[in-house]
Amino acid sequence: MPVPALSRVRHLGLLAAVVAAWWAVSTHVLDESTRALLPPPQAIAVAAWELATSGDLWRHLRDSLKREVIAFLWATSAIPLGIAMGWWRAVEDQFDPLVEVLRPIPPLAWIPLSILWFGVGDTQNEFIIFLGCFFPILLNTITGVKGVEANLIRAARCLGAGEASVLWRVVLRAALPQIVTGVRVGLGVGWMALVAAELVGASTGLGFLINDARTVLRTDYVIVGMATIGLVGLGIDRAIRVAVARLMPWSRAMSR
Amino acid sequence: MSTVTIDGVAKVYPGHGAGDEPVHALESVSFRVADREFCSLLGHSGCGKTTLLMMLAGFEQPTAGTILVDDRPVGAPAWQRTVVFQDYALFPWMTVEENVAFGLEMKKVAPARRREVVRHNLELVGLKGFERRYPHQLSGGMKQRVSIARALAVDPAVLLMDEPFAALDAQNRSRMQEEMGRILASDDPAVRKTMVLVTHSIEEAILLSDHIVVLTRRPGRVKEQIRVDLPRPRQEGDPAFVALRERIRALIHDEYEIET
């Protein structure tokens, strides 16, 4: 439902107050020596402009996004696996213990081992993002498949659908909204893991940008990097929501 | 030409935990449904009537006894026995047209013929002009019409209906019952099928059936079989209708303390 512009503006009241407080603290509370820790909003805007026009920001953003996309593509292997686990009991029985052991290990805990395996660089970063993406997609796919209404499957069977048709034409479609939820969560977790991986194991990317800026006390660049990470994460999430509303108009009716 | 023979059918569900009593849903149920007969299974919830329908469709197997359709035992689900579900079970990602065409696609009917059959069946249930809608854009009554059209489109030998009108509001329900009666009265051989309806509504059973099988409470057994010879279309106010209703009500009252 479209929100009227006026009420949208009203929703931004608190945000505006926080920015104003930030400005006040930075200019009137902090002195020359500590101001570097929290530069005022306008200094951040200037830094953002610098980074954007020099092309540095885009280069780091491009490298980060590339890693996210590659890792995500690998992580989509969770979809067929999740369908198999949700559909065939024997597959679930075999894979479930393995998944249960691996799943609670945070992707970040894999960073040391992954550096030893892959060295510092793209592959290691992608591996960490892959781990972040994989499990949310897997678990949501399994839940989606198991949650398919029994009568939809029965209806398909009595209309003459065989096992393959039931899986492809009914189970996959019916589970799709839940699978997309997994993709959304997975991309979000992956994006967070990416930044952490880049903090220690990369020489490009947004995570590297903010860590590198820290070492030279460029707080303004750190904050620009952080804001970019946040905005891009939000953008990815919004894009998926819009795509779902466009491509699966029936999915909202289904989850009711 | 399709007959249904149910002979000594029982269904026992094992208890869930160790030491749980097994649940006897149905016990030695036997009756026949003649070709092109409309048969209603009547009883309160929990009498096993839906279980019986699910076994007829092939979704579940009887613990004992046999179910024959055209003298062959019922095996896995197949298009010869389609089901109309209480919750419609329409595929929400398919349009009305695609839902009705699904079974024809599974049967590998050629596209041109498929379109023709879909059109014919949607006309039959009064949904011409709604081909491109999605189920969530339809009312409950319209969804059930799609479901009926979908089940009829594959030209099954037997049409099975599980409380198809129970989820509708009173007004829509009586309209759907009336239309079902109209469809039943048609001589179109593609429509006039052997039908089995599960219901807890005495009025619905009398309105539509040639043959009513009243089931006892759990474990479900055949309490009595009643032929309904009233002329169609039937009127609820008709004295013969009322008399039959009172007779069935008394039968069911015997079984259950509480009236619905």
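**Inside and between two chains**

A search of the whole structure, which is a predicted model, turns up 1 cavity of 30 Å³ or more. Here a cavity is a set of points, on a 1 Å grid over the protein atoms alone, where a 1.4 Å probe fits but cannot get out. Rolling a probe the size of a water molecule over the atoms shows where empty space is left. Its volume is about 60 Å³ for the largest cavity, where volume is the space filled by probe spheres set on the points, with grid points joined across faces, edges and corners. As for ground rules, residues are numbered from 1 along each chain as its sequence is written, while chains are lettered from A and ligands numbered from 1 in the order in which they are written. Local features need pLDDT of at least 70 and side-chain atom pairs count only at pLDDT 80 or more, whereas totals for chains, interfaces and linings use all residues, and side-chain values use heavy atoms, leaving out hydrogens and water.

So who lines the largest cavity? The residues are Val125(B), Arg145(B), Ile148(B), Met176(B), Glu179(B), Met180(B) and Ile183(B), lining residues being those with an atom within 4 Å of a point. Two elements of chain B give two or more residues each to this lining: helix H4 (140-153) and helix H5 (170-185). Helices (H or I, at least four residues) and strands (E, at least two) are DSSP runs, numbered from the N terminus. By type, the lining splits into 5 nonpolar, no polar and 2 charged residues. In this scheme Ala, Val, Leu, Ile, Met, Phe, Trp, Tyr, Cys and Pro are nonpolar, Asp, Glu, Lys and Arg are charged, and the others, Gly among them, are polar.

Next up is the meeting of the chains. In chain B, 25 residues are in contact (heavy atoms within 4.5 Å) with 20 residues of chain A. Together the chains bury about 2,000 Å², 72% of it on carbon and sulfur atoms; buried area is the accessible area (1.4 Å probe) that two parts lose on being put together, summed over both. The interface holds 2 salt bridges, each a side-chain nitrogen of Lys or Arg within 4 Å of a carboxyl oxygen of Asp or Glu. Arg169(A) forms a salt bridge with Glu105(B), with the closest N and O atoms 2.8 Å apart. On the side of chain B that touches chain A, strand E6 (81-84) and helix H2 (96-106) of chain B are the elements giving two or more residues. H2(B) gives the most, with 4 residues. That side of chain B divides into 17 nonpolar, 3 polar and 5 charged residues.

Over all chains, the salt bridge count comes to 31. Arg218(A) pairs up this way with Glu50(A), the closest N and O atoms being 3.8 Å apart. This pair ties together distant parts of the chain, 168 residues apart: Arg218(A) sits in the loop between helix H11 (206-215) and helix H12 (219-247), and Glu50(A) in helix H3 (residues 41-54).

The peptide bond from Arg218(B) to Pro219(B) is cis, with omega near -5 degrees. Pro219(B) lies in the loop between strand E9 (211-215) and strand E10 (222-227), and touches His24(B), Ala25(B), Leu26(B) and Glu27(B), leaving aside residues up to four places away in sequence. Another cis bond runs from Arg232(B) to Pro233(B). Arg36(B), though not a glycine, has a positive phi of about 60 degrees.

Note on methods:
On a 1 Å grid over the protein atoms alone, a cavity is a set of points where a 1.4 Å probe fits but cannot get out, and a pocket is an open set with protein on both sides within 12 Å along at least five of seven lines; lining residues have an atom within 4 Å of a point.
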